[in-house]
Amino acid sequence: MILLKLIFAHLLGDFILQPDAWVVAKEQKKWRAWQLYAHVGIHFALICLFVGQADFIMWAVLLTLLHFTTDILKLYFQKPTSKRAWFFADQIIHLSAIVLIWAWSQSVSLNVFSIFGNQNFLLLITCLYALTQPVSVLIRIIISKWTPDTGSNNTDSLVSAGNFIGILERLFVFAFVIAGKWEAIGFLLAAKSIFRFGDLKEAKDRKLTEYVLIGTLLSFGIALLMGILFNFLQPMSL
């Protein structure tokens, strides 16, 4: 329960109770911005309020100092071109600190090696990773000989959008298979077909339509097979 309270306090303090004007002020003035100290103070107050235990004050101070240090490092090292990467890194560090402080304060043993030693966990991680870039490369190689010429001046699509869409759809299909929600896969396929139909109809290019159809079926098929394979291998001792 304490862990959930700490996470909720973090989400509330970092997103709801931190105006955009404060973020801009911190980026401009860095350690001289009073908004930085107000932001950290709010985090400390939320932790104390939600946990509500006098003996947790020391841990609240430690967690607040770690939050302050992480924010300072982010402010000084992030560049305009790396803001997105630093946002995710910042949140990962904050959440990791919360889990570690909680485990330390409650004397909870976090045996990372035992987690990665679990064969079902390793199987899951392997399948998830395989469905990302490795399968994208495999599909690209398979259908490369059919790649239609859409013109070098086509700028109507986001950079690498197709690759990310394919990865997301495979992860969704895999999750639906291992959860036994087969009807959701049909809904996902229908939704993608509806969104792509307008583009393909407007393009009036049969080769492009066939190319997209082959890629989609390959993507869904591989994800289905991976999900079935995971369900088959999970109970086994590998």
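This is a predicted model: local features need pLDDT of at least 70, side-chain atom pairs count only at pLDDT 80 or more; totals for chains, interfaces and linings use all residues.
1. To start with a helix pair, α8 passes α9 in a right-handed crossing. The residues that make this contact are Gln-133, Val-135, Ser-136 and Ile-139 on the α8 side, with Asn-163, Ile-167 and Arg-170 on the α9 side. Sorted by class, the contact of α8 with α9 has three nonpolar, three polar and one charged residues.

2. Now for the geometry of that pair. Two packed helices are described by the angle between their axes and the distance between the axes. Helix α8 covers residues 133–142 and helix α9 covers residues 161–179; their axes come within 10 Å and cross at roughly 120°.

3. While you are looking at α9, please also find Gly-162, which has its place in this helix. Is Gly-162 buried or exposed? Gly-162 has a relative accessible area of 55%, and exposed means over 50%, so this glycine counts as exposed. From the C-alpha atom of Gly-162 to that of Ser-136 the separation is 9.8 Å, with the two residues 26 apart along the chain. Ser-136 belongs to the α8 side of the contact described above.

4. The axes of α2 (residues 20–29) and α3 come within 8 Å, crossing at roughly 125°. That angle lies between 115 and 145 degrees, which means α2 is oblique to α3. Here α2 passes α3 in a left-handed crossing.

5. Which residues meet where α2 and α3 are in contact? From α2 there are Trp-22, Ala-25 and Lys-26, and they meet Trp-34, Gln-35, Leu-36, Ala-38, His-39 and Ile-42 in α3. By class, the contact of α2 with α3 has six nonpolar, two polar and one charged residues.

6. On to the nonpolar cores. The largest one has 17 residues, and those touching the most other members are Ile-2, Leu-6, Ile-47, Val-51, Phe-56, Leu-63 and Trp-102. At least two residues of this core come from each of α1 (2–16), α3 (34–51), α4 (57–77) and α5 (83–105).

7. Setting aside neighbours within four places in sequence, Leu-6 is in contact with Ile-47, Val-51, Phe-56, Leu-63, Ile-98 and Trp-102.

8. Finally, there is a second, separate core of 16 residues, which includes Cys-127, Val-135, Ile-222 and Ala-223.

Methods:
Residues are numbered from 1 along each chain as its sequence is written. Side-chain values use heavy atoms; hydrogens and water are left out. Axes are lines fitted to C-alpha atoms, for helices over the stretch in contact, and angles run from 0 to 180 degrees between N-to-C directions. Helices (H or I, at least four residues) and strands (E, at least two) are DSSP runs, numbered from the N terminus. A crossing is left-handed if the near helix is turned anticlockwise from the far one by less than a right angle, and right-handed if clockwise. Contact means heavy atoms within 4.5 Å. Ala, Val, Leu, Ile, Met, Phe, Trp, Tyr, Cys and Pro count as nonpolar, Asp, Glu, Lys and Arg as charged, and the others, Gly among them, as polar. A nonpolar core is a set of buried Ala, Val, Leu, Ile, Met, Phe, Trp, Tyr and Cys residues joined through side-chain atoms within 4.5 Å. Buried means under 20% relative accessible area, exposed over 50%, partly exposed in between (1.4 Å probe, protein chains only). Angles under 35 degrees count as roughly parallel, over 145 as roughly antiparallel, 65 to 115 as roughly perpendicular and the rest as oblique.
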